[in-house]
Amino acid sequence: MAEMTPEQYQEYVGRRKRAAGTRRAVGTGARHLVLIVVGLTMLLPFTWMCLASFKHLSEVEEINPIPTTWHPENYIEVFKEIPFGRYYFNSVFVAAWVTFLQTLTSAMAAYAFARLHWPGRDTVFKLYLGTLMVPGVVTMIPNYTLVVKLHFLDTYSGLIVPAAFTAFGTFLLRQFMLTIPLALDEAARIDGASHWRVFWDVVMPLARPGVITLVIFTFMGNYGSFFWPLVLIKSEHLRTLPIGMLFFDSSYGKQTNLIMAASVMNILPLIILFICTQRFIVKGIQLGAVKG
Amino acid sequence: MKRTSRRRLADLGVAVLFLLPNITGFVVFTAGPVIFSLVVSFSNWNLQQTVPFQWVGLKNYVEMFHTEDFWLYFINTGYLMLAMPVSIAGSLILAMLLSQKIRGTVIYRTLYYLPSFTSGVALLILWKALYNPEFGPVNAAIGWLLHNLRLNDLAQFLSGHGIQPPEWLQSTRNLLGIETEHARLSGASWGIGARDAIMFMGVWMGIGGGNMLLYLAGLSNIPQDLYDAAEVDGANRWQIFRNVTWPCLAPTTFFIIVMSFIGGLQGGFEQARVMTGGGPAGTTTTLAYYIYTRAFEQFQIGYASAISWVLFIIIFTITLVNWRLGGKQVAE
């Protein structure tokens with residue numbers, strides 16, 4: 001390559017820099033393009049659902065996704081056709097109880113694993129983790145027969161009690177509690193606090209992000225829980241949202257506009273909850289995976 | 001020394017009290033049931049008690065393996081898992097796009113996470129409507145494209161007949177061309193059918209979900225030094241991915257694969273129950289749905305327990321194999 005004068009060199013460097021800048025801009029643009037296309041793919045079905053929920057029944061099967069006349073009364077119609085409010089209540093009621101019990105039992109167990117030193121602790125903990133591997137299908141049938149024996153069939157208790165214990169919650173909260181300095185417990189103990197006081201007044205407040213994460217996950221999971229209520233609930237007034245939706249769909253299958261309105265009402269609380277609690281959810285998923 | 005051990009023993013008492021609620025629940029609703037279901041799988045127990053209770057030894061297992069249906073359901077379960085690599089690769093690509101400094105990351109992330117966060121009966125019902133072969137928007141869009149891009153005319157010209165949009169959930173066709181009656185391939189069975197519909201929907205639901213978030217976390221944990229060093233060495237983008245990003249993400253990928261297998265083998269229940277009833281011709285019945293119909297529609301608790309144990313053993317074996325194969329690579 002021939003020698004360059006300083007001017008030529010300056011120009012060469014400038015050109016390289018501009019080229020790199022252009023390349024970066026093009027790269028960013030392409031990236032946004034991909035991200036937007038994927039985003040639209042995610043959004044499209046939801047959009048169709050919303051629009052269909054405002055259509056008149058005669059229009060639902062039209063190709064044009066936009067209603068020619070808007071029918072917000074579809075939403076009121078749903079409440080007239082089925083006890084949708086009741087389903088809401090049942091779902092929230094059951095999910096709230098399960099969440100409360102699961103969080104409490106998990107937090108207590110997590111305290112024992114993260115804050116106390118006792119012989120055999122790590123062995124017991126590994127055993128606990130092992131149970132995360134047991135597939136739900138294996139325990140479902142025996143749990144069903146057990147619930148029948150306990151006369152819990154078709155009751156709130158049947159929905160709540162078997163779901164009140166989890167190894168996952170214990171694991172998640174233990175991870176959080178391990179990050180809190182042990183010196184705090186010791187100081188409180190020296191001041192004469194009981195273990196329960198240490199657990200409740202020292203460790204729990206500091207583990208709050210973890211607790212919130214677990215609460216959100218458990219609540220969400222149980223709000224949408226399908227299998228267990230499906231096999232357990234026979235009476236209409238005890239149906240939770242997913243079960244109510246299932247029967248609504250199978251008996252009113254042709255009224256797609258009403259079914260879409262019900263679907264919108266089903267997932268709307270989830271979307272709001274997600275947007276409000278995003279950072280906890282993202283954090284929780286990422287922490288839950290730091291297993292080995 | 002003595003003081004410590006005394007304290008450890010004192011802690012043991014407290015620990016037992018703190019563990020009691022959870023352990024009790026665990027014994028009653030997890031450990032007990034696992035053993036109970038194994039025991040019951042050797043019986044003919046029927047909840048409706050149409051037949052007297054009897055121990056039947058291995059009869060349930062023998063019967064299961066001699067039923068053609070079982071093998072179809074086994075194939076179905078595996079078939080739905082074929083999308084796993086696509087889904088995982090998609091999650092990785094999205095995570096890599098999002099992890100770069102780019103505007104609107106949170107908005108994109110929220111959008112992508114939406115389907116998996118709201119997944120459940122409502123979304124399955126939605127997809128059932130979307131897939132409707134006559135009135136659904138999916139086929140409306142396909143029809144529009146075929147017409148406006150003149151693809152139909154082209155096909156007509158080339159082969160003499162036009163392109164029919166898929167029948168989605170009503171078709172037994174599939175992309176591998178597996179026959180429904182026998183476990184073999186044939187051209188006549190080739191096409192897009194119910195299993196593919198469920199698979200595509202699964203990718204839509206899962207691609208921006210937990211796996212993407214896990215990859216995002218994994219990516220943010222890779223030290224910048226490694227990238228800088230690679231750049232100084234003059235590595236191109238592919239080389240950087242191959243030698244820095246991919247190895248650093250190995251533990252995440254490994255975790256995702258293990259969990260995907262565990263979830264996939266147990267999967268397909270909700271889709272079958274809400275969207276297809278296991279049909280057409282049993283092609284969307286997975287092992288999980290098979291267990292459900294046997295246990296809770298026909299009340300054959302003994303037989304259903306046997307299937308669930310076979311599934312348990314499959315899951316356990318595959319997880320073990322995963323650990324053997326993947327654990328080594330991760331450690332390297």
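Mentor: Happy to! Let's begin with what counts as touching: two residues are in contact if their C-beta atoms, placed from the backbone, lie within 7 Å. Please keep in mind that this is a predicted model.

By that rule, 61 residues of chain B are in contact with 64 residues of chain A. On the chain B side, helix H1 (residues 2–40) of chain B gives the largest share, with 17 residues.

Chain B holds 16 helices and 0 strands. Its radius of gyration is 25 Å, well over the 20 Å that the globule rule gives for 332 residues, so chain B is more spread out than a compact globule. The C-alpha trace of chain B spans about 90 × 75 × 35 Å along its principal axes. Of the 332 residues in chain B, 40% are buried.

Along its principal axes, the C-alpha trace of chain A spans about 90 × 70 × 35 Å. Buried residues account for 37% of the 292 in chain A.

Contacts within each chain are worth a look as well. Taking contacts with a separation of 6 or more, residues 24 or more positions apart make up 62% of them in chain B and 74% in chain A.

Within chain B, one helix pair shows such packing in detail. The axes of helix H6 (residues 121–130) of chain B and helix H14 (residues 269–276) of chain B come within 9 Å and cross at roughly 50°. That angle makes H6(B) oblique to H14(B), and the crossing is right-handed. From H6(B), Val121(B), Leu124(B), Ile125(B), Trp127(B) and Lys128(B) meet Glu270(B), Gln271(B), Val274(B) and Met275(B) of H14(B). The residues of this contact divide into 6 nonpolar, 1 polar and 2 charged.

Finally, helix H10 (residues 210–220) of chain B is mostly covered, with 8 of its 11 residues buried. Among the buried ones are Met212(B), Leu213(B), Leu214(B), Tyr215(B) and Leu216(B).

Technical notes. Residues are numbered from 1 along each chain as its sequence is written. Chains are lettered from A and ligands numbered from 1 in the order in which they are written. This is a predicted model: local features need pLDDT of at least 70, side-chain atom pairs count only at pLDDT 80 or more; totals for chains, interfaces and linings use all residues. Helices (H or I, at least four residues) and strands (E, at least two) are DSSP runs, numbered from the N terminus. The radius of gyration is taken over C-alpha atoms; the globule rule is 2.2 Å times the number of residues to the power 0.38. A residue is buried if 20 or more other C-beta atoms lie within 10 Å of its own, exposed if 12 or fewer, and partly exposed in between; C-beta atoms are placed from the backbone. Axes are lines fitted to C-alpha atoms, for helices over the stretch in contact, and angles run from 0 to 180 degrees between N-to-C directions. Angles under 35 degrees count as roughly parallel, over 145 as roughly antiparallel, 65 to 115 as roughly perpendicular and the rest as oblique. A crossing is left-handed if the near helix is turned anticlockwise from the far one by less than a right angle, and right-handed if clockwise. Ala, Val, Leu, Ile, Met, Phe, Trp, Tyr, Cys and Pro count as nonpolar, Asp, Glu, Lys and Arg as charged, and the others, Gly among them, as polar.
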